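Colleague: I would like to learn how to read the features of a model like this one. Can we take them one at a time?

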Amino acid sequence: MSQNEESSAVIQVEGVHKSFGDLHVLKSCELTVRAGEVAVLVGPSGSGKSTLLRCINQLEEPTAGRVLVDGVVQGYRAEPLPDGRWQKLRPAEIAAQRSRIGMVFQRFHLFPHLTALGNVMEAPVQVRGLPKAAAEAKARELLERVGLADRADHYPSELSGGQQQRVAIARALAMDPELMLFDEPTSALDPELVSEVLTVLKDLAADGMTMVVVTHEMGFAREVADQVVFMDEGRILESGTAEQVIDHPESERLKGFLASVL
Amino acid sequence: MGQRGRNDPDRGSEPPAVSTTQIPDPIRAKAAPRPGTWISAVIVALLVAGLITFLVTNPVLEWGTVATYLLDVKVVQGVGWTLLLTVLSMILGTVVALTAAIMRRSENPVLRGVSWAYIFVFRGIPVYTQLVFWGLFTVIVPKIVIGVPFGPELLSFSTRDLLTAFWAAVIGLGLNEGAYLAEIIRSGLNSVDTGQTEASKALGMSNGTILRRIIVPQAMRVIVPPLGNETIGMLKTTSLVLAVPFTLDLTFATNGIANKLFTPIPLLIVAALWYLAITSVLMVGQHYLERYFGRGFDARTPARPGRGGRSRQAAVNRAGTTPHDPLPEVEL
């Protein structure tokens with residue numbers, strides 16, 4: 001993808017800190033992802049990549065700082081109260097913000113009691129109130145897009161890991177998200193199944209989807225990322241194009257990390 | 001193994017199953033001796049023969065009386081009332097229990113407290129005592145008044161008109177059962193992986209939708225077996241409703257006949273046979289419920305993502321690195 005400096009920022013992470021009790025897992029994180037961009041977060045485990053990703057769709061609440069999606073503050077009213085505090089949004093308002101952001105998990109988290117088709121139809125019917133017939137037609141289309149049209153009536157337990165992850169991607173796409181978050185989407189897969197999931201991700205990127213991907217797949221980062229972000233111990237240490245970050249690392253930490261994964 | 005023929009048509013285009021004739025020199029095994037099976041079989045056979053002799057020859061059992069009263073109108077009506085009590089009080093109990101279990105998980109501390117207090121009281125008092133209490137409810141609370149406290153009455157009605165002995169029995173049994181079921185349902189809800197909630201939240205579902213569409217259907221798989229157990233327990237607990245007093249259930253009916261005839265033993269047998277028969281029917285119902293809520297979780301196909309025996313094997317087969325499917329007999 002060519003980087004378009006003109007396009008507007010879809011995600012703005014501004015000075016985000018996150019602590020779990022005494023554990024300070026995110027420190028002053030700044031990140032901007034523009035429309036159609038693919039940002040890849042890399043770094044050793046425990047560096048805070050997943051937590052940062054989860055702050056974007058409010059599965060974690062930042063302890064300090066703000067997250068904006070399409071310029072809208074996530075989780076709080078746009079303006080602070082007269083006393084300087086921020087008014088939290090009601091659960092329904094938070095759900096509405098989340099419904100515009102697709103998320104794919106490392107362990108898929110498909111609904112085991114629903115078929116692949118049922119998994120993809122569930123949110124459009126329950127959240128958007130789409131009629132069943134329309135939701136089914138759309139779900140079948142999406143399953144076809146991820147190459148699983150013939151698995152629509154299978155339960156997740158009857159699918160391979162790679163197939164399950166592709167259903168999970170179709171499930172997220174069914175809500176017509178403006179951006180997609182991927183939390184180590186291939187880490188739980190057998191090696192021979194990784195490429196089928198990465199292919200779907202590459203197709204999505206080529207279609208212009210705004211994406212943030214946490215991954216250890218450096219080849220994927222090099223090929224698809226507009227922006228590679230290296231995190232270590234809760235901080236964003238380096239970010240830039242794949243060429244800058246992967247091929248010309250500056251910090252010793254990143255050099256050491258790349259040496260261990262490449 | 002090896003029972004499938006060489007030309008099994010079901011195999012389709014998959015690599016053909018290895019037939020035993022292709023395996024050189026298969027092991028001809030002789031089963032290890034198991035004398036315990038035979039010894040226990042003989043002992044049990046002797047005991048059963050003794051039991052049958054006892055049942056047939058013992059005059060006290062009065063099988064004639066059993067046969068006469070097995071389909072007696074009062075007994076059959078008693079069966080009907082007992083079933084009705086069981087079903088209604090289990091429905092009430094389940095609804096109350098689901099509410100209490102959801103309240104117990106709530107972020108609202110008031111609801112959590114109410115749920116805790118309900119379970120504490122209704123689980124802590126013997127069901128017999130509770131049934132007596134509900135029987136006396138119309139004495140304790142003769143009139144229910146809806147109005148402003150210390151102000152005018154808006155509406156008032158007599159409890160005696162509303163709370164018949166039957167409904168007192170249903171409420172007594174149902175509220176007691178609800179306290180036990182609440183804990184069963186709560187553990188069922190807790191058994192669902194938190195990833196399910198996260199995935200649902202990420203899709204923008206509300207807490208209510210997540211509970212109704214995602215958590216409860218999965219929790220049912222864990223809840224149904226103990227729920228079946230509790231239903232069978234309830235079937236027998238209904239014999240306590242004479243504490244209300246409600247006097248039409250199966251145990252009361254057979255006891256009444258027995259007292260009239262001065263023959264308690266054959267009528268105990270009548271009651272026992274009916275309770276066993278109803279339990280059998282309930283067990284069949286439980287089987288179908290378990291199958292319904294177990295869909296997608298079938299034991300043959302492990303539900304753990306990425307660890308499925310079949311999917312892993314399918315992937316290995318697709319990779320084409322092994323000449324044959326090593327599990328040709330396992331059709332999933």
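Colleague: How many bridges pair strand β4 of chain A with β5(A), and in which sense do the two strands run?

Modeller: As a general idea, strands of a sheet pair through backbone hydrogen bonds, either parallel or antiparallel. In this predicted model, β4 (residues 64-69) of chain A pairs with β5(A) in the antiparallel sense, over 2 bridges. One residue to look at is A:Val69, whose bridge partner in β5(A) is A:Val72.

Colleague: Which strands make up the open sheet that holds β4 and β5 of chain A, and in what order?

Modeller: The sheet has 4 strands in the order β2-β1-β4-β5 (chain A), with antiparallel pairing. Its edges are β2 and β5 of chain A; each has a single partner strand, so one side of each is left without a neighbour in the sheet.

Colleague: How many bridges join β1 to β2 of chain A?

Modeller: Strand β1 (residues 9-20) of chain A is joined to strand β2 (residues 23-34) of chain A by 8 bridges, and the two run antiparallel. Within that pair, A:Ile11 has A:Val33 in β2(A) as its bridge partner. The hairpin of β1(A) and β2(A) has 2 residues between the strands, and A:Gly21 there takes a positive phi near 65°.

Colleague: Where else in chain A is there a positive phi, at a residue that is not a glycine?

Modeller: A:Phe108 has a positive phi of about 65° and is not a glycine. A:Phe108 lies in the loop between β6 and α3 (116-126) of chain A.

Colleague: What is the strand order in the open sheet of 6 strands?

Modeller: That sheet runs β6-β7-β8-β3-β9-β10 (chain A), and its pairing is mixed. At the edges stand β6 (101-104) and β10 (235-240) of chain A; each has a single partner strand, so one side of each is left without a neighbour in the sheet. From one strand to the next, the twist averages 15°.

Colleague: In which sense do β7 and β8 of chain A pair, parallel or antiparallel?

Modeller: Strand β7 (residues 179-183) of chain A and strand β8 (residues 210-214) of chain A are parallel, with 5 bridges between them. In this pair, A:Asp183 stands opposite A:Val214 in β8(A).

Colleague: Which strands does helix α1 of chain A touch where it packs on the sheet?

Modeller: Helix α1 (residues 49-56) of chain A touches β3 (38-42), β6, β7, β8, β9 (227-232) and β10 of chain A, and its direction makes about 150° with that of β7(A). Helix α6 (residues 194-206) of chain A also packs on the sheet, where it touches β3, β7 and β8 of chain A. The direction of α6 makes about 150° with that of β8(A).

Colleague: How do I read a salt bridge, and how many does the structure hold over all chains?

Modeller: Side chains of opposite charge can pair when their charged atoms come close. The structure holds 22 salt bridges over all chains. One of them joins A:Glu93 to A:Arg77, with the closest N and O atoms 3.2 Å apart. This pair links distant parts of the chain, 16 residues apart: A:Glu93 is in helix α2 (residues 91-98) of chain A, and A:Arg77 is in the loop between β5 (72-73) and α2 of chain A.

Colleague: How much area do chain B and chain A bury between them?

Modeller: The size of an interface is often given as the accessible area lost when the parts come together. Here chain B and chain A bury about 2,900 Å², 55% of it on carbon and sulfur atoms. Chain B gives 31 residues to the contact and chain A gives 33.

Colleague: What does the rule find across the interface of chain B and chain A in the way of salt bridges?

Modeller: There are 2 salt bridges across the interface. One of the pairs is B:Glu198 with A:Arg54, whose closest N and O atoms are 2.5 Å apart. The count of residue pairs in polar contact between chain B and chain A is 6. On the side of chain B that touches chain A, the elements that give two or more residues are α9 (194-202), α10 (207-237) and α13 (309-319) of chain B. Of these, α9(B) gives the most, with 7 residues.

How values were computed. Residues are numbered from 1 along each chain as its sequence is written. Chains are lettered from A and ligands numbered from 1 in the order in which they are written. This is a predicted model: local features need pLDDT of at least 70, side-chain atom pairs count only at pLDDT 80 or more; totals for chains, interfaces and linings use all residues. Side-chain values use heavy atoms; hydrogens and water are left out. Two strands pair if DSSP finds at least two bridges between them. Axes are lines fitted to C-alpha atoms, for helices over the stretch in contact, and angles run from 0 to 180 degrees between N-to-C directions. Contact means heavy atoms within 4.5 Å. Buried area is the accessible area (1.4 Å probe) that two parts lose on being put together, summed over both. A salt bridge is a side-chain nitrogen of Lys or Arg within 4 Å of a carboxyl oxygen of Asp or Glu. A polar contact is a pair of N or O atoms within 3.5 Å; within protein, one must be able to donate a hydrogen and the other to accept it, and residues adjacent in sequence count only if both atoms are side-chain atoms.
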